[in-house]
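This briefing is for a reader who is new to the structure shown below. It takes up charged pairs, nonpolar groups and model confidence in turn.

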Amino acid sequence: MEKRNNLFILILTIGVFGILNTEMGIVGILPSIADHFQVSISKAGLLVSLFALAVAISGPTMPLLFSAINRKKVMLLVLGIFVLGNIVSIFTSSFTILLIARVIPAFLHPVYISIALTVAATSVSKEEAPKAVSKVMMGVSAGMVLGVPITTFIADITSIEMAMLFFTIVNAAAFIATLLFVPSMPVKERLSYGSQLSVLKKPITWISIFTVLFINAAIYAVNSYFAEYLETITNISGKTLSLMLFVFGGASIIGNIIAGKLLTKNARKSVMSYPFALGVVYILLFFLGQFTVPMALIVLVFGMVFAIGNNICQYWITSAAPEAPEFSNGLFLASGNLGVTIGTSISGLIISGMGTHYIVFGGILFSILTLVSILMRNYMYSPAKKHSS
């Protein structure tokens with residue numbers, strides 16, 4: 001039984017990696033795509049921003065619409081559409097078609113991720129749920145932080161078509177594994193749309209949504225420009241920069257394992273400590289950013305803290321609305337993507353006005369807001385919230 005469960009969670013993790021890799025892997029090859037399709041770099045950037053916007057829009061709605069359908073069928077549908085979109089991306093010579101081939105699957109992105117997180121949590125005991133979820137979140141982290149250097153490397157030694165073939169292969173592998181090894185998962189207790197939407201009437205849900213938004217804004221205020229920070233402040237480039245980004249990616253995978261253990265042991269204490277941990281990383285980054293050796297250690301710690309933040313966000317929203325797990329996972333994805341947009345935008349303004357070194361100020365500001373929203377939820381719901389401690 002445990003072996004079958006481990007295989008199931010591994011397949012979910014590969015599927016999540018394939019989808020996140022399709023979303024984020026493109027970041028590293030944007031200059032090549034701009035050249036290939038003869039468009040400006042800002043126009044090529046639409047491949048990233050419109051994808052994220054589609055995820056933010058569909059996060060709360062699409063998991064809700066698909067919530068009554070057999071989960072295996074839904075997972076196969078989403079993976080199949082991602083494979084088709086990737087195949088079109090390989091062969092098209094039109095930038096508009098490339099954009100359409102990315103945005104259509106993006107609307108289904110939250111459906112797969114929310115199902116993967118929900119079924120991982122329900123496939124084990126309640127106590128072990130954070131650990132199972134942290135394994136699936138490993139796919140999220142790997143897709144977000146390893147997808148970029150892997151795709152860039154493939155494109156550098158071969159072509160952008162080969163890089164897109166890599167997206168296709170990962171999604172196709174997840175599709176075949178799901179088809180062959182994942183059992184049929186009919187929805188036993190169908191929740192009405194109304195009962196799922198009713199979680200939005202609870203103040204705790206909204207406080208948790210804002211916490212997730214602030215955590216993501218705090219992380220991405222720095223992470224979105226981290227390569228730029230390492231280049232301009234630490235003065236590293238080329239292979240050393242790639243190595244630092246790989247260290248960050250590897251550390252984030254370790255961070256998921258740590259997060260699973262922390263949230264299983266004492267969830268509320270772990271959530272409470274998080275803004276302080278992130279704040280300390282940013283203060284060290286500000287004062288030691290120009291020194292290569294301390295920065296290597298800071299990158300390692302930041303990678304772990306980055307991944308722990310993702311797990312905390314998912315736990316914080318689903319523990320606020322446990323009666324509608326797929327819908328709350330959709331809210332987690334939507335508010336997270338909104339936080340990414342806000343954090344990245346604020347830091348963009350800071351760079352324009354003050355310079356790259358000061359992006360940590362944006363991160364610290366949102367860490368303080370995170371702490372305030374966590375304290376609010378703990379203060380308002382501490383007696384009644386036995387299940388999240």
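Arg 71 forms a salt bridge with Glu 326, with 2.3 Å between the closest N and O atoms. A salt bridge here is a side-chain nitrogen of Lys or Arg within 4 Å of a carboxyl oxygen of Asp or Glu. Arg 71 lies in helix H6 and Glu 326 in helix H16 (residues 325-353), so the pair ties together parts that are 255 residues apart in sequence. This is a predicted model: local features need pLDDT of at least 70, side-chain atom pairs count only at pLDDT 80 or more, and totals for chains, interfaces and linings use all residues. Residues are numbered from 1 along each chain as its sequence is written, and side-chain values use heavy atoms, with hydrogens and water left out.

**Salt bridges**

- By this rule the count comes to three salt bridges.
- Side chains of opposite charge can pair when their charged atoms come close.
- Arg 71 is buried, with a relative accessible area of 18%, and Glu 326 is buried as well, at 5%.
- Buried means under 20% relative accessible area, exposed means over 50%, and partly exposed is in between (1.4 Å probe, protein chains only).
- The side chains of Glu 323 and Lys 202 meet in a salt bridge at 3.1 Å, N to O.
- That pair links distant parts of the chain, 121 residues apart: Glu 323 is in the loop between helix H15 (292-320) and H16, and Lys 202 is in the loop between helix H11 (193-197) and helix H12 (203-223).
- Helices (H or I, at least four residues) and strands (E, at least two) are DSSP runs, numbered from the N terminus.
- Glu 323 counts as partly exposed at 38% relative accessibility, and Lys 202 is partly exposed at 26%.
- Lys 131 and Glu 128 also meet in a salt bridge through their side chains (3.9 Å, N to O).
- Lys 131 is partly exposed, with a relative accessible area of 30%, and Glu 128 is partly exposed at 34%.

**Nonpolar cores**

- A nonpolar core is a set of buried Ala, Val, Leu, Ile, Met, Phe, Trp, Tyr and Cys residues joined through side-chain atoms within 4.5 Å.
- The largest nonpolar core has 92 residues, of which Leu 12, Tyr 112, Phe 226, Leu 285 and Met 295 touch the most other members.
- Helix H14 (residues 238-288) gives the most to this core, with 13 residues.
- Apart from this core lies another, of 25 residues, among them Ile 29, Ala 34, Leu 98 and Ala 155.
- Leaving aside neighbours within four places in sequence, Leu 12 is in contact (heavy atoms within 4.5 Å) with Met 75, Tyr 112, Ala 116, Val 119, Ala 120 and Val 136.

**Surface**

- Leu 7, Leu 10, Ile 14, Ile 176, Leu 179, Leu 180 and Phe 181 form a nonpolar patch on the surface, with about 650 Å² of accessible area together.
- Patches are made of residues with over 30% relative accessible area and no salt bridge; like charges are joined within 9 Å, and nonpolar side chains (Val, Leu, Ile, Met, Phe, Trp, Tyr) within 5 Å.
- Accessible areas come from the Shrake-Rupley method with a 1.4 Å probe; for residues, only the protein chains shown count as cover.
- H10 gives the most to the nonpolar patch, with four residues.
- Leu 10 lies in helix H1 and is partly exposed, with a relative accessible area of 48%.

**Confidence**

- The protein chain has a mean pLDDT (the predictor's confidence in each residue, from 0 to 100) of 89, and 97% of its residues reach 70 or more.
- Over residues 384-389 the pLDDT is below 50.
- Where pLDDT is low, the predicted coordinates should not be read in detail.
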